[in-house]
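Good morning, and thank you for coming. I shall present one structure today, and I ask you to look at it with me.

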Amino acid sequence: MATQNRDYDNIGSRHYGVVIDVKNIDRMRSFYYHIMELGTPVVESNFWVEFQDPGSGLIIALHQTGYAPISEEEKSDHVAICIQVDELEQFKRKLAKHGIRHIHENSLPSGYRFVTFSDPEANRIMAIRKD
């Protein structure tokens with residue numbers, strides 16, 4: 001049996017960027033680990049997973065509630081998880097390869113390009129890159 005990483009002692013010293021309520025913790029752990037490439041979780045249990053964004057150091061936590069909305073209609077367009085990526089075109093290809101649909105690309109006057117899309121439970125994500 002694999003040893004689970006449980007760093008609960010230092011929970012007050014971390015900077016939380018976002019806590020996402022999810023319905024299926026295993027599916028979402030896999031998505032954020034494999035597709036979003038956030039690395040090995042820094043805290044992991046059967047109902048709570050924390051990833052530390054390698055760029056900013058902020059914590060992205062997944063909390064299994066069992067009742068998280070799972071459709072686009074149930075989610076708000078006013079909140080998005082924003083993660084910086086190294087290569088936007090390569091990242092878009094990876095999303096498409098893994099069946100992520102509705103990938104929208106845009107840019108800001110400051111020179112940042114970004115794509116928006118949704119994770120498997122319809123949480124809005126923005127992947128951004130400065131050219």
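Which residues lie nearest the centre of the largest pocket? They are M36, D53, I83, Q84 and V85, among the 23 residues that line it. A word on the source: this is a predicted model, in which local features need pLDDT of at least 70 and side-chain atom pairs count only at pLDDT 80 or more, while totals for chains, interfaces and linings use all residues. Residues are numbered from 1 along each chain as its sequence is written, and side-chain values use heavy atoms, with hydrogens and water left out.

A pocket here is an open set of points on a 1 Å grid over the protein atoms alone, where a 1.4 Å probe fits, with protein on both sides within 12 Å along at least five of seven lines; lining residues have an atom within 4 Å of a point. The space in the largest pocket is about 580 Å³, counted as that filled by probe spheres set on the points. β1 (16–22), β5 (81–84) and α2 (88–97) each give two or more residues to its lining. The largest share, four residues, comes from β5.

I turn now to a hairpin. Strands β6 (residues 104–107) and β7 (residues 112–118) run antiparallel and are joined by four bridges; strands pair if DSSP finds at least two bridges between them. E105 has V115 in β7 as its bridge partner. Four residues separate the two strands, and G111 in the turn has a positive phi of about 100 degrees.

Finally, T116 lies in β7.
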